[in-house]
Amino acid sequence: MPKINNTAKNEIKLIIKKEFFEINFFGNWTVGSSAKGVEELLLSLADYPKIRKMTFSTKKLDDWDSFFMAQLMVIINFAKNKKITVDIKSLPKGIQGLLDLAYSVPERDGARKQKKKTSLIESIGRSLLKAKVELKNLVTFLGDLIQSSFSLIKGTGRFRFVDLMTYIQDCGPASLPIVSLISFLVGLILAFVGALQLSLFGAQMYLADLVGLGMTREMGALMVGIIMAGRTGASYAAQIGTMNVNSEIDALKTMGFNPMEFLVMPRMLALILVMPLLCLYADFMGMLGGAAVAIGLFDISSTEYWTRTELAVQFKDVLVGLFKASIFGILIAYSGCIRGMQCGRSASAVGDAATSAVVTGIIFIVISDSLITILFNQLGI
Amino acid sequence: MTEACITIKKMTMAYGDFIIQRDLDFKINQGDIFVIMGGSGCGKSTLMMHLIGMIFPSKGNIYYGNENLWGPNASNQKLLLNKTGVLFQSGALLSSMTLGENIALPISEHTELNKKNIQEIVDYKLSLVGLAGFSDFYPSEISGGMQKRAGLARAMALDPEILFFDEPSAGLDPISSKLLDDLILSLRDNLNATIVMVTHELASIFAIGTNSVFLDPESKTMIAEGDPKKLLKTSKDERVIKFLSRSKKK
């Protein structure tokens, strides 16, 4: 790192000869010195519209670096724009060489990105068009997915069984600790909040009903869905996205594999199989959390609690939760895999894909959860 | 007259409205070591992706023999592409599998061989590229040059008639790159394969190339074709000479 000398004095002077400008540089032109003079000088050039030639004098120039070169190029570009011929022969050899290098490849037309201000209407229009493309992609992916599911059912779909097993291991047993923690705490919170309200009416007895129904019908599946969207959905997007960056997906295609069958299907199957099991486990952990509050704080005996739970929760309530969990599994795998497949070919694109997989996954889960709940309510299930 | 293996007719490559190359018209003959060359960003790799059926040409056609690659019969395309093997720039080995599993993958997909026979072929292919005994290594455990050679072993797994290479010597030291050139030559001679490679490595181009096409990024089309050695002597196009002679005057 060169020493930055802020106190270095520098000066630029314009000398008007008969037919040309001579620009004189004085003192130090290094990083940290001032470039004020250059702007004033360029402004003053306009006063002499008849002079069409420019030369430089650097006899008094002491020290220079990229700062000097950059200012020099500003002057030269300005002169070129005004159709003033620039003669650089009077500059030292080193500077001439650098200038030749800088101007050897002309700036490509349109290479510089235009910074345009877009109006509100334009940006709304653009995002609508983008949304249309996005929707088309989602539907196309869904179509491919359905086709691959058919070939899987027919028995022609190909993936490695060992991959399926790895994914099951990955999203099942490996995610038990976090599922345990979260669902236990959710059950606990549910019981606590509910109990405070219920005790106003002296109805703490119904705590078990609240927690049992809440966990089995709703919170168990929802919590597992959100955990898995963050954990597994993101990991699917990152895995497939990195494979895309590495051309591994192209390689698979050239070997005659359908990436949909080979990469997406086993991941989706794993989630569809594992999600209901995780949900059942989460239901149980949630009730345990509820029991902890009921027994510890509200003087309900454990026998009472379990009897109430047994009475309140019917088998169909558990099934509703499991059904939701399977649907969430499909949606998580869908959003994780599509974001991975759409991933661009750079490291930051993989990060974006993972983020977007989680966001899409959670949105899908919440929307579908509302729809299913309304539907079941109407059907009286 | 040698038989044309791949024929490209009036092809235009584009991403949306952005044209990369237009009016491409050339033939790759059986037994050629065909070089796709040109400066950076001229669309060499994109052309290769078109040839292996990854990207649909926006205009024009690609023929394998007499069959149109993008003809109406979709299953036909799969059959045609089964004759090809591709080595990607980075090797593109599946990182979750060992080298052995990587090479076994296309074999188990396209043949009915049992596990033992597949493993024997895998060992043979690995020894061809000088990686005997590395079957149980993961791609992340070996060097870049080795990954590339393993990728080559996978590309050759099904004894393809046409082998595609994307920048085979990029990132290799001169000796490994020379070894790879020799390997490509002997593959062509011993397996009677046709080789198509994307490269701008002059040493390789002159050492093994027998036919070529030169893509120019500014005029967005091909400006020369033929044997690179002859091109250097006979071409009158300044851009081609500049490229092939590293800008020395003729």
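**Exercise 1.** How many residues lie between E1(B) and E2(B) in their hairpin, and which residue in the turn has a positive phi?

*Solution.* The model is predicted. Start with the strands. E1 of chain B covers residues 4–15, and E2 of chain B covers residues 18–29. Two residues separate them in the hairpin. Now check the turn. B:Gly16 has a positive phi there, of about 65 degrees.

**Exercise 2.** Describe how H9(A) and H10(A) pack.

*Solution.* Locate the helices. H9 of chain A spans residues 259–297, and H10 of chain A spans residues 302–312. Their axes lie 10 Å apart, at an angle of about 135 degrees. Therefore H9(A) is oblique to H10(A). The crossing is right-handed. Now list the contact. H9(A) brings A:Met287, A:Ala291, A:Ala294 and A:Ile295. H10(A) brings A:Ser302, A:Tyr305 and A:Thr309. Sort them by class: five are nonpolar, two are polar and none is charged.

**Exercise 3.** How many residues does each chain bring to the contact between A and B?

*Solution.* Chain A gives 11 residues and chain B gives 15 residues. Then sort the side of chain A that touches chain B. Three residues are nonpolar, four are polar and four are charged.

Definitions and conventions
Residues numbered from 1 in each chain as written. Chains lettered and ligands numbered in written order. Predicted model: local features only at pLDDT ≥ 70, side-chain atom pairs only at ≥ 80, totals over all residues. Pairing = 2+ DSSP bridges. Helix = DSSP H or I, 4+ residues; strand = E, 2+ residues; numbered from the N terminus. Contact = placed C-beta atoms within 7 Å. Nonpolar A, V, L, I, M, F, W, Y, C, P; charged D, E, K, R; others polar. Axes fitted to C-alpha atoms, helices over the stretch in contact; angles between N-to-C directions. Parallel < 35°, antiparallel > 145°, perpendicular 65-115°, else oblique. Left-handed = near helix turned anticlockwise from the far one by under 90°.
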